[in-house]
Amino acid sequence: MRNRSSFALGFLALIAVGAALLACPFSRADGAAGNLGAAIFTACSAVCVTGLSVVDIATEYSVAGQVIIMALVELGCLGLMTCGTFFLVAIGRRLSLNLSREFTLMNAYGIEQIQGLRGLICWIVGSMFVIEAVFAALFHAHFGNWYESIFYSIMNFCNAGFSLSADSLGFLPRGWVVTAMGIETILGGIGFLVIYNLCTFKFLHRISGARGRLTLHTRVVLRFTFYLLVIAFLAFLAVEWNHTLKGMEFVEKMVVGFFQAATPRTCGFAVVPTEDLHPLTRLIYEILMFIGGAPGSATGGMKVTTLAVILYTMTAMCRGETETVMDRRTISSEVVRESLVILMVMVMLAVVVTGALFITEAGSALTSDAIFFEAVSAVTTTGLSMGDTTSTLSTAGRVVIMVAMFIGRLGALTVVLMIGDKESKKHVRFPVEELVVG
């Protein structure tokens, strides 16, 4: 309980510091003290790696302000807990000073053994900077400007949707640069543990004597990420071929289809305005946002592994099987229960946020479709929005969105910590009785 509270308070402290800095004159493009409300919203969105904004950051904030936003996004992506542990490692302190913190990190990144955690945390931070540097160099070939290249590299890998253009990435030519951004978004969404496993699995036997192989976690994440990309790609082309894609060349349609299939799972960038999409496409987007990426990544949502467990459990029940099996591995009943809890928490959160927005925005020009889309985007920390929905929200509506982003960012970890608390043993067992369901 104490770790869960300190983790949440750490994020709140980072948001408060970021808001104070963004409200300072040196962060503002006009050099005057800024709107504190807009600064708080922007800081919250950055720390939660969402990308929703009530102002145009390109015109509202100076280079200093934009650098602060980039720093908040980086810290939010890594997580205060991971950053704190890395700095402890950097100054030579033993991780065993706080074992509960280690176990929290192990749960967040899917690590089953505590040995090697110190190296993993260092590797997480290092790999993040290396990937961002490589893609920044690629983007420099297009932008010809290191600042913009670094900015968009950070935003893509961290799955934050902040842009230096009012129309997101609509200004970009639909070619290799958009494809590269989509690939970096996917890398940021599969999780640090998967990247680590992909880079090291052939050499694991040299380090620990273990058999070098891809873990079940890695296989499930890669498989379901691929499935979702293909389904979203084909669905987007089928629905939008003669709609928003009408008039584009074939190659351009393929590039746009790939990018728009990759980004809805919590990135927030778009090359086609979301409000121009067919209603069916927006529904598909809402489903993809709800699913999200992989555990231990920059993404939100309920996570692809949760989806996999639920689908395999449903399949097992339909076959009359009593256990959930993936790739000849039995999934424990605890993991199945955790997956169901995460699904229900996400559903309830989306419903509550939508209902709250219906109340706060009563009488406004916003449609029910736009409000629901905004709610799902905030809860899943995606950052996609239908037009200027975010900027037109009332003050109360913005508060609701900030709370949704904050809970969405902490949601999965909070559930893990709640389940990971010391189990209470009941000394009294009650008789079993059947209950009709369905």
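Residues are numbered from 1 along each chain as its sequence is written. In this predicted model, local features need pLDDT of at least 70, side-chain atom pairs count only at pLDDT 80 or more, totals for chains, interfaces and linings use all residues, and side-chain values use heavy atoms, with hydrogens and water left out.

**Stop 1: the largest cavity**

Select Asn 159, Thr 185, Ile 186, Gly 189, Ile 190, Thr 225, Ala 262, Arg 265 and Thr 299, which line the largest cavity. A cavity is a set of points, on a 1 Å grid over the protein atoms alone, where a 1.4 Å probe fits but cannot get out; lining residues have an atom within 4 Å of a point. The space inside the largest cavity is about 50 Å³, where a volume is the space filled by probe spheres set on the points, and grid points are joined across faces, edges and corners. Four cavities of 30 Å³ or more are counted by this rule.

Now colour helix α9, residues 176-190: with four residues, α9 gives the most to the lining of the largest cavity. Helices (H or I, at least four residues) are DSSP runs, numbered from the N terminus. The lining of the largest cavity has three nonpolar, five polar and one charged residues. Here Ala, Val, Leu, Ile, Met, Phe, Trp, Tyr, Cys and Pro count as nonpolar, Asp, Glu, Lys and Arg as charged, and the others, Gly among them, as polar.

**Stop 2: the second largest cavity**

Next select Ala 232, Ala 235, Phe 236, Gln 260, Thr 281, Ile 284, Tyr 285 and Leu 288, the lining of the second largest cavity. Two or more residues of this lining come from each of α12 (216-240) and α14 (279-291). The largest share, four residues, belongs to α14. The volume of the second largest cavity is about 40 Å³, and its lining divides into six nonpolar, two polar and no charged residues.

**Stop 3: α12 against α14**

Keep both helices in view. The axes of α12 and α14 come within 10 Å and cross at roughly 165°; axes are lines fitted to C-alpha atoms, for helices over the stretch in contact, and angles run from 0 to 180 degrees between N-to-C directions. α12 is therefore roughly antiparallel to α14, a term for angles over 145 degrees. Their crossing is left-handed, meaning that the near helix is turned anticlockwise from the far one by less than a right angle (right-handed if clockwise).

To see the contact (heavy atoms within 4.5 Å), show Leu 228, Ala 232, Ala 235, Phe 236, Val 239 and Glu 240 of α12 with Leu 280, Thr 281, Ile 284, Tyr 285, Leu 288 and Ile 291 of α14. The contact of α12 with α14 has 10 nonpolar, one polar and one charged residues.

**Stop 4: α16 against α17**

Move to helix α16 (residues 333-360) and helix α17 (residues 368-379), whose axes come within 9 Å and cross at roughly 135°. The crossing of α16 and α17 is right-handed. Met 346, Leu 349, Ala 350, Val 353, Thr 354, Leu 357 and Phe 358 of α16 meet Ser 368, Ile 371, Phe 372, Ala 375 and Val 379 of α17. By class, this contact has 10 nonpolar, two polar and no charged residues.

**Stop 5: the second largest pocket**

Finish by selecting Ser 165, Ala 166, Asp 167, Ser 168 and Gly 387, which lie nearest the centre of the second largest pocket among its 31 lining residues. A pocket is an open set with protein on both sides within 12 Å along at least five of seven lines. The second largest pocket has a volume of about 640 Å³. Helix α18 (residues 389-392) gives the most to its lining, with three residues. The lining divides into 12 nonpolar, 15 polar and four charged residues.

Notes. Angles under 35 degrees count as roughly parallel, over 145 as roughly antiparallel, 65 to 115 as roughly perpendicular and the rest as oblique.
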